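Subject: Structure handover

Hello,

Here is the structure for you to pick up. My notes on it follow below.

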Amino acid sequence: SKEHHPNLRGRPLVYYTDLCPKNHANAAVLLGSYMMLEHKMSATDVVKAFEQVPGYPFVPFRDATFTSGDFGISLEDCLFGFERAIKAGWFSTDSFDADQFEELEDPQNGDVSLIGDKFVAFR
């Protein structure tokens, strides 16, 4: 991956999103998850980092589907839930199969996400 490429080592990671508040929440969930997995930060520490970002608290998180949401879930809900999933062994970068994820994400293959061996999320 680019993160481990020797020419890029030590260079800052820059992530950009537009001015849409919904996209800020989604970007924060993605970046927060990255911070937890790659930098071993706790959900509490990630939330503290985002408290410094203009626009915090963010609008409720919304997945990338185009349907309207009937409930809101906060950045904190997402990150603390993800932290619990990591601690429970439901997610690990060592066991995550990106090819399988891509295949199952296809509507012709069920449009599902496997979460460990105990849970299947339907879209």
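pLDDT is the predictor's confidence in each residue, on a scale from 0 to 100. You need it here, as this is a predicted model. The chain averages a pLDDT of 85. Of the residues, 92% score at least 70. Helix H2 has the highest mean pLDDT, at 96. Strand S2, residues 119-122, has the lowest, at 74.

Next, the core. The largest nonpolar core holds 15 residues. H1 gives the largest share, with six residues. Ala28, Met36, Val46, Phe50, Phe58, Leu75 and Leu79 have the most contacts inside this core. As background, nonpolar side chains tend to be buried together in soluble globular proteins.

Phe50 deserves a look of its own. Which residues is Phe50 in contact with, leaving aside its neighbours within four places in sequence? They are Ala28, Leu31, Gly32, Met35, Tyr56, Phe58 and Leu75.

Now the backbone. Most peptide bonds are trans, and most residues other than glycine have a negative phi.

- Tyr56 and Pro57 are joined by a cis peptide bond, with omega about 0 degrees. Pro57 lies in the loop between helix H2 (43-50) and helix H3 (75-87).
- Lys40 is not a glycine, yet its phi is positive, near 55 degrees. Lys40 sits in the loop between helix H1 (21-38) and H2. Its relative accessibility is 68%, so Lys40 counts as exposed.
- Asp111, also not a glycine, has a positive phi of about 50 degrees. Asp111 is in the loop between helix H4 (98-105) and strand S1 (112-115).

Last, the cysteines. How many disulfides are there, if a pair of sulfur atoms must lie within 2.5 Å? The count is zero. Cys20 is in no disulfide, and the nearest cysteine sulfur, that of Cys78, is 16 Å away. Cys78 is likewise in no disulfide; its nearest cysteine sulfur is that of Cys20, at 16 Å.

Are these two cysteines buried or exposed, or something in between? Cys20 has a relative accessible area of 33%, so it is partly exposed. Cys78 has a relative accessibility of 16%, so Cys78 counts as buried. The cut-off for buried is under 20%.

Best wishes

Note on methods: Residues are numbered from 1 along each chain as its sequence is written. This is a predicted model: local features need pLDDT of at least 70, side-chain atom pairs count only at pLDDT 80 or more; totals for chains, interfaces and linings use all residues. Side-chain values use heavy atoms; hydrogens and water are left out. A disulfide is a pair of cysteine sulfur atoms within 2.5 Å. Buried means under 20% relative accessible area, exposed over 50%, partly exposed in between (1.4 Å probe, protein chains only). Helices (H or I, at least four residues) and strands (E, at least two) are DSSP runs, numbered from the N terminus. A nonpolar core is a set of buried Ala, Val, Leu, Ile, Met, Phe, Trp, Tyr and Cys residues joined through side-chain atoms within 4.5 Å. Contact means heavy atoms within 4.5 Å.
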